[in-house]
Amino acid sequence: MDKIAQSVVALKDELIANRRFFHSHPETGWFTFFTTAVIAHNLSKLGYTLKMGREVVVPDKRAGLGTKEACEAAIKRAKSLLDDKQAKFLDIMEDGLTGLVADIDTGRAGKFTAFRFDIDGVDVTESKDSNHRPFKEGFSSDIAGITHACGHDGHITIGLALAKLIAQNLDDFNGKFRFIFQTAEEGTRGAVGMEPTGIVDKVDYLLGGHIGFQSKTLRGIVCGTNNLLATSKFDVILKGRSAHAAGAPQDGANALLAAAQIALNMHAITRHSDGITRINVGILRAGEGRNVIAPNGFLACETRGETTELNDFMYKKCEDIIKGVSLAYGVSYEIVPTGGTSGGDSDPEVTELYENCAKESPFFDDDKILKTFKFSACEDFAHFMQKVQKSGGKSGYLMIGTTLAAGHHNEKFDFDEECLVGGVDIFLRSAYKLNGLKEKI
């Protein structure tokens with residue numbers, strides 16, 4: 001076992017403890033106040049320079065915000081969980097400007113390497129089944145309706161351990177390192193609010209990944225994730241005019257029928273020959289009473305495309321349908337964006353980097369190393385990735401193998417914590433290959 005592996009193994013107990021700590025206190029969306037404050041406190045002690053609040057989030061670029069009441073409740077809960085040294089970071093987060101960026105500079109010329117880790121949970125109530133390990137062993141979610149059911153608690157843990165090992169061994173490196181702890185990944189809402197602040201500008205390499213997904217075997221890894229789909233999430237709000245359904249139907253404007261027609265027509269959009277396209281209306285609500293012409297309608301929708309251009313094609317078709325149907329039924333409409341991200345592929349150079357690191361690591365088996373995989377799903381990382389690639393940098397997304405107790409976003413989701421060691425190791429080896437001083441490797 002080499003120096004890198006030894007340094008990671010030494011943190012194994014800390015990794016498990018940290019994962020369970022974050023698992024027990026989940027937060028969602030833009031309301032990751034507690035999580036951000038704890039991360040900020042830990043990184044400040046390691047000597048990182050922090051950027052928070054308006055330095056890393058453009059308030060009016062955020063999508064999918066919750067209510068003022070939910071925000072206030074999240075802040076109150078965070079205050080109850082934090083000590084005084086941690087709580088001092090809350091004020092800068094204002095009404096949900098959560099997430100942070102942490103920098104450390106070696107003082108020696110070299111590459112600017114960034115790592116991105118997402119930090120939010122999902123809107124799922126965690127199982128209290130006696131066989132569910134987090135519940136059985138006492139580290140399940142402390143709040144109903146929110147759970148780390150996607151592995152982001154593990155991502156936070158990997159990111160903090162990686163930051164610690166780089167800071168403690170800074171003399172081994174050149175260049176600069178940046179850690180992006182991103183909020184609101186779920187629903188692809190966070191990157192669009194953070195990227196405009198310039199946090200990935202001038203980055204030479206942006207590295208990211210995820211526990212599980214399509215890498216479901218412990219000691220396995222997917223080195224290059226491709227076909228990350230672009231997506232647009234949006235709500236449609238329709239306003240019609242109520243009237244007596246029998247006595248004066250001609251006086252009404254039926255938002256229910258308009259909503260139904262919109263949903264049917266959007267699902268009938270012609271697919272594109274250039275690649276994968278998707279459309280889904282996940283929620284449709286309308287009406288007020290059995291004998292009332294429905295004065296309101298609501299649809300929760302999403303489009304996806306293999307490329308940003310293909311997703312834009314789908315979204316534009318949806319806009320046309322909403323406008324045309326609303327005109328035909330005499331209702332007004334509003335389209336409210338709630339999230340979205342770009343599409344793209346990992347750079348082959350970064351895929352090669354991950355593959356070489358995995359082959360050197362004692363925590364991955366050669367026969368379980370998959371070089372590339374077509375994901376055909378969405379991940380908010382792609383928004384940052386595309387920005388870096390368009391600016392001349394390189395970026396790649398991996399998937400760290402682990403055994404899952406249940407699928408992502410399931411109430412019984414849990415993963416084998418052995419994968420945390422491999423996760424830290426693969427990113428640390430990548431850091432040494434990109435920024436390591438040759439005589440120190």
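**Entry 1.** I started with Asp-365 and Lys-368, which form a salt bridge with the closest N and O atoms 3.5 Å apart. I kept in mind that this is a predicted model. Asp-365 is partly exposed, at 23% relative accessible area. Lys-368 is partly exposed too, at 31%.

**Entry 2.** Next I looked for salt bridges with shared partners. Which residues do they join into one network? I noted Arg-19, Arg-20, Arg-133, Glu-137, Asp-153, Asp-414 and Glu-417.

**Entry 3.** I turned to the total. The structure holds 29 salt bridges.

**Entry 4.** I picked out Glu-14 and Lys-164. Their side chains meet in a salt bridge at 2.9 Å, N to O. This pair links distant parts of the chain, 150 residues apart. Glu-14 sits in helix H2 (residues 12-24), and Lys-164 in helix H7 (residues 152-168).

**Entry 5.** I went on to Arg-77, which forms a salt bridge with Asp-142. The closest N and O atoms are 2.6 Å apart. Where do the partners lie? Arg-77 is in helix H4 (residues 68-81), while Asp-142 is in the loop between helix H6 (133-136) and H7. The pair therefore ties together parts that are 65 residues apart in sequence.

**Entry 6.** Is Arg-77 buried or exposed? I found 16% relative accessible area. Buried means under 20%, so Arg-77 is buried. Asp-142 is partly exposed, with 39% relative accessibility.

How values were computed. Residues numbered from 1 in each chain as written. Predicted model: local features only at pLDDT ≥ 70, side-chain atom pairs only at ≥ 80, totals over all residues. Heavy atoms only, no water. Salt bridge = Lys/Arg side-chain N within 4 Å of Asp/Glu carboxyl O. Helix = DSSP H or I, 4+ residues; strand = E, 2+ residues; numbered from the N terminus. Buried < 20%, exposed > 50% of the residue type's maximum accessible area, 1.4 Å probe, protein only.
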